Amino acid sequence: HEIVVGTRDDGQEIRIKPYGTNVLVTGTSGSGKSTFATSFLERLIEQDYQFCIIDPEGDYQNFEGAMVLGEVARAPLVDEVCAFLEKSMQNAVINLLGVAIDHRPAFFKELLPALLKLRLQTGRPHWIVIDETHHVLPSDWATASAALPQELHGLMLITVHPDRVAPAILASTDTVIAIGDSPGETIKTFSKTIGHKAPRVPSEKLQPGEAIAWQMGPPCRRHCWRG
């Protein structure tokens, strides 16, 4: 059931476990982060996993295989989102265009514990995908520790600014997918933000469709691949 996300230079597949994993997709603007995320979501659909996309900019409102909740003129309701996900195996896109930018962190502070409570009760949604993560989980974002489990999992964080994301959430990342012109600098920024030592990253320029994958873990089991 592992999700194939790419192929290493040596031909081996790069896979992500569908359970117990958090993924950060980061890189320069227009580098292909959304393309990678869309491919990952399509593979989740193929394997019947349910996901919920937090969509601050309306980029996923035409995504096939998901129901859009919320619109420009109407903010989504937390109860509405949870009721939909509880009663249906269908995927959901939570459109935040109707939520003022300054209010999005507060909205997400209410939504995330509700989604995690639903997951505790039903096992779903299997994945919570947070596009433009720095919009809803800024670096000064905080919530009551009792509202969140000690170990978050099933998160995909997508951002061009990992240094602007709440460090407590960022530190839960297991796999980093760095895309764009400066993957080495991107990974260094992420590592500095969470207080980790950055791995040695291949220095060759990435070609279109390529990325650097850093699968983290204990120091003896960390790997960084180009694929």
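**Exercise 1. Helix 2**

Which residues are buried in helix 2 (residues 78–87)? Work out how they sit around the axis and what they pack against.

*Before you start.* You're looking at a predicted model, where local features need pLDDT of at least 70, side-chain atom pairs count only at pLDDT 80 or more, and totals for chains, interfaces and linings use all residues. Residues are numbered from 1 along each chain as its sequence is written, and side-chain values use heavy atoms, with hydrogens and water left out.

*Solution.* 
- Step 1: Helices (H or I, at least four residues) and strands (E, at least two) are DSSP runs, numbered from the N terminus. Buried means under 20% relative accessible area, exposed over 50%, and partly exposed in between (1.4 Å probe, protein chains only).
- Step 2: pick out the buried residues. In helix 2 these are Val 78, Val 81, Cys 82, Phe 84 and Leu 85.
- Step 3: look down the axis. The arc is that of the directions from the helix axis to the C-beta atoms.
- Step 4: turn to the other side of helix 2, where Asp 79 and Lys 87 are exposed.
- Step 5: find the packing partners. Strand 4, strand 5, strand 6 (91–95) and helix 3 pack against the buried residues of helix 2.

**Exercise 2. Helix 6 and its aromatic pair**

Describe the span of helix 6, then find its buried face and the ring pair that involves Phe 190.

*Solution.* 
- Step 1: check the span. Helix 6 (residues 183–194) has 12 residues and reaches 17 Å from its first C-alpha to its last, close to the expected 16 Å. The expected value is 1.5 Å times one less than the number of residues.
- Step 2: list the buried residues: Pro 183, Thr 186, Ile 187, Phe 190, Ser 191 and Ile 194. They fall within an arc of 130 degrees, so they line one face of helix 6.
- Step 3: see what covers that face. The cover includes strand 3 (22–27), helix 5 (167–170), strand 9 (175–179) and strand 10 (212–215).
- Step 4: go to the rings. Phe 190 and Trp 214 form an edge-to-face aromatic pair, 6.0 Å centre to centre with 85 degrees between the planes. For the cut-offs, rings of Phe, Tyr and Trp (its six-membered ring) pair if their centres lie within 6.5 Å; planes under 30 degrees apart count as stacked, over 60 as edge-to-face and the rest as tilted.
- Step 5: Phe 190 lies in helix 6 and Trp 214 in strand 10, so the pair ties together parts 24 residues apart in sequence. Phe 190 is buried at a relative accessible area of 0%, and Trp 214 is buried at 1%.
- Step 6: step past the helix end. Gly 195 follows helix 6 and has a positive phi, near 75 degrees.

**Exercise 3. His 134 and Thr 159**

What does the side chain of His 134 make with the side chain of Thr 159?

*Solution.* 
- Step 1: locate both residues. His 134 lies in helix 4 (residues 133–136), while Thr 159 belongs to strand 8 (residues 155–159).
- Step 2: check burial. His 134 counts as buried at 15% relative accessibility, and Thr 159 counts as buried at 1%.
- Step 3: name the link. The two side chains make a polar contact of 2.7 Å. That means a pair of N or O atoms within 3.5 Å; within protein, one must be able to donate a hydrogen and the other to accept it, and residues adjacent in sequence count only if both atoms are side-chain atoms.
- Step 4: look around. Leaving aside neighbours within four places in sequence, His 134 is in contact (heavy atoms within 4.5 Å) with Thr 159, Val 160, His 161, Arg 164 and Val 165. Not counting residues up to four places away, Thr 159 touches residues including Leu 24, Lys 33 and Val 165.
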